[in-house]
Amino acid sequence: MAGKTRDNILKTALRLFNEEGERHVTTNHIASNAGISPGNLYYHFRNKDAIILILFEQFQQELMTKIVFPQNRAITFDDKREYLELLLASMWQYRFIFRDLHGALARSETLQTLYRDFARLCIGMVQQVFRGLIAAGLMEATDAEQEALALNTFMVLTSWHELVYSVLKGDENEPPRALLDRVIYQVLILDRGFITKKALDSFKAMEVSYFFPLSSN
C-alpha cells in the first residue's frame, strides 16, 4: 500500500509540475490532487525538492534503458533519428525539469551533482554516435569538432522548452507535435557541414522530414 501511495504522489507531482510549472505547485497542492493528506505525503517525501530529485532520477534511468547502441554493426542515420526521438520524448515526459531547471538546481546541491553527471553522460553518448557515424564513413569531424557538436546538441535539447512552450506554441495549452519535430531539425542542421559527400543526400532527406516552418504556426 505504501508503495502505491508513493507512486501516486510521484505521478501526480509529475503531472502538476508539467502542467503548471514546478514553481507554482506546493506539497499541499500535490497531496490534494493525489487524494491524500499532507501528512501522508510527508511520510513518503520530506519536501517538494525530494520529489523532484526522485523524478529526475526516474527520468535518467528510463532514458538510459531506452537508448541502446548496436554491438555488431555500424551506427546509421536511422539510429541517430531514433536516439533523438527517444531523448526528446523522454524530455517531454519530464519537461518541467527543463522548464524550471535553474530554480530547482539552485535549491539542491544533490540535484546539481546529478544534473552535471547527466550532462556529461548525454554529451558522451552524442560523441559516441558521432564516432560511430565517422567509422561508417557517414561523417567527418575532428575530436574537437565532435566535442563541440555534442555540447551544442545538448544545449539545444535542454533549452528548447522555453522557446517552444512559451514563445512558439501560440494559444494552445501544449505545443503542436510539429514544433517538437523542429527541435530535432535544429539539432540535425548543426551536423550537416560534417556529413560526407556520399551520405549528404540521405542525410538531407532525414533532415527535411523534421522541418516545420515557424510562419505556419
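Predicted model: local features only at pLDDT ≥ 70, side-chain atom pairs only at ≥ 80, totals over all residues.
**The overall picture**
- The protein chain has 11 helices and 0 strands; helices (H or I, at least four residues) and strands (E, at least two) are DSSP runs, numbered from the N terminus.
- Along the principal axes, the C-alpha atoms of the protein chain fill a box of roughly 65 × 40 × 30 Å.

**How to read a helix pair**
- Two packed helices are described by the angle between their axes and by the distance between the axes.
- Axes are lines fitted to C-alpha atoms, for helices over the stretch in contact, and angles run from 0 to 180 degrees between N-to-C directions.
- Angles under 35 degrees count as roughly parallel, over 145 as roughly antiparallel, 65 to 115 as roughly perpendicular and the rest as oblique.
- A crossing is left-handed if the near helix is turned anticlockwise from the far one by less than a right angle, and right-handed if clockwise.

**H4 with H8**
- Helix H4 (residues 48-66) and helix H8 (residues 109-135) have axes that come within 11 Å and cross at roughly 15°, so H4 and H8 are roughly parallel to each other.
- Their crossing is left-handed.
- Contact (heavy atoms within 4.5 Å) involves residues including Ile52, Phe56 and Leu63 of H4 and Leu114, Phe118 and Met125 of H8.
- By class, this contact of H4 with H8 has 12 nonpolar, 2 polar and 1 charged residues; Ala, Val, Leu, Ile, Met, Phe, Trp, Tyr, Cys and Pro count as nonpolar, Asp, Glu, Lys and Arg as charged, and the others, Gly among them, as polar.

**H4 with H5**
- The axes of H4 and H5 come within 10 Å and cross at roughly 160°, so H4 and H5 are roughly antiparallel to each other.
- The crossing of H4 and H5 is right-handed.
- Phe59, Glu62, Leu63 and Lys66 of H4 meet Leu86, Leu87, Ser90, Met91 and Gln93 of H5.
- These contact residues divide into 5 nonpolar, 2 polar and 2 charged.

**H5 with H8**
- H5 and H8 pack at an angle of about 165°, with their axes 10 Å apart, so they are roughly antiparallel to each other.
- H5 passes H8 in a left-handed crossing.
- The contact joins Phe77, Lys80 and Tyr83 of H5 to Val129, Phe130 and Leu133 of H8.

**The largest cavity**
- On a 1 Å grid over the protein atoms alone, a cavity is a set of points where a 1.4 Å probe fits but cannot get out, and lining residues have an atom within 4 Å of a point.
- Grid points are joined across faces, edges and corners, and a volume is the space filled by probe spheres set on the points.
- The largest cavity holds about 180 Å³ of space.
- Its lining has 13 residues, of which Tyr83, Leu87, Met125, Val126 and Val129 lie nearest its centre.
- H4, helix H5 (77-93) and H8 are the elements that give two or more residues to this lining.
- By class, the lining of the largest cavity has 11 nonpolar, 1 polar and 1 charged residues.

Note on methods:
Residues numbered from 1 in each chain as written. Heavy atoms only, no water. 1 Å grid on protein atoms, 1.4 Å probe; cavity = no way out; pocket = protein on both sides within 12 Å on 5 of 7 lines; lining within 4 Å.
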